[in-house]
Amino acid sequence: MKINQLKDVAPIQLSPNNVMEKLCYDDTGDTYTLNRIVSTKGPGGPLHSHPHRQVDYVVKGQGTFQIGDEKMVIKTGDTVQIEPNEPHTFTWFDEDTVFLEFFTPIREDYKP
């Protein structure tokens with residue numbers, strides 16, 4: 001059992017209004033990474049892709065999410081699944097927003 005394994009890892013400022021808190025990861029067996037993102041109202045990040053499946057769950061708030069050329073508003077309680085190598089991003093946050101992002105396999109670049 002692992003409890004609060006990353007509670008002492010400092011948050012990472014991804015951009016002026018986006019902070020990532022690393023919550024947990026497992027690099028044995030079925031690997032995964034879980035982070036919490038806290039974003040203030042305003043711009044999101046650039047369109048990007050990676051070889052991981054990603055699932056985002058909006059804990060609170062609302063923003064415009066883009067996958068490929070499609071944009072949609074997602075809000076509290078919504079979940080978005082992004083396939084590996086699929087371009088995606090939050091383009092804009094309509095209000096302060098908190099979401100969880102889950103990756104599989106593990107994001108090597110996010111290991112503590």
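Two strands are said to pair if DSSP finds at least two bridges between them. In this predicted model, strands S6 and S9 meet that criterion, since five bridges join them in the antiparallel sense. Within this pairing, glycine 63 has phenylalanine 93 in S9 as its bridge partner.

Strands S6 and S9 belong to an open sheet of four strands, whose order is S4-S9-S6-S7 and whose pairing is antiparallel. Its edges are formed by strand S4 (42-43) and strand S7 (70-75), each of which pairs on one side only. Of the six residues of strand S6 (residues 62-67), five are buried, so the strand is largely enclosed by the rest of the structure.

A further open sheet contains six strands in the order S1-S2-S3-S10-S5-S8, again with antiparallel pairing. Strand S1 (12-15) and strand S8 (79-82) are its edge strands, and each pairs on one side only. From one strand to the next, the twist averages 25°. Inside this sheet, strand S2 (residues 18-26) pairs with strand S3 (residues 32-39) over eight bridges in the antiparallel sense. Here glutamate 21 has arginine 36 in S3 as its bridge partner. As a general principle, strands of a sheet pair through backbone hydrogen bonds, in either a parallel or an antiparallel manner.

Key. Residues numbered from 1 in each chain as written. Predicted model: local features only at pLDDT ≥ 70, side-chain atom pairs only at ≥ 80, totals over all residues. Heavy atoms only, no water. Helix = DSSP H or I, 4+ residues; strand = E, 2+ residues; numbered from the N terminus. Axes fitted to C-alpha atoms, helices over the stretch in contact; angles between N-to-C directions. Buried < 20%, exposed > 50% of the residue type's maximum accessible area, 1.4 Å probe, protein only.
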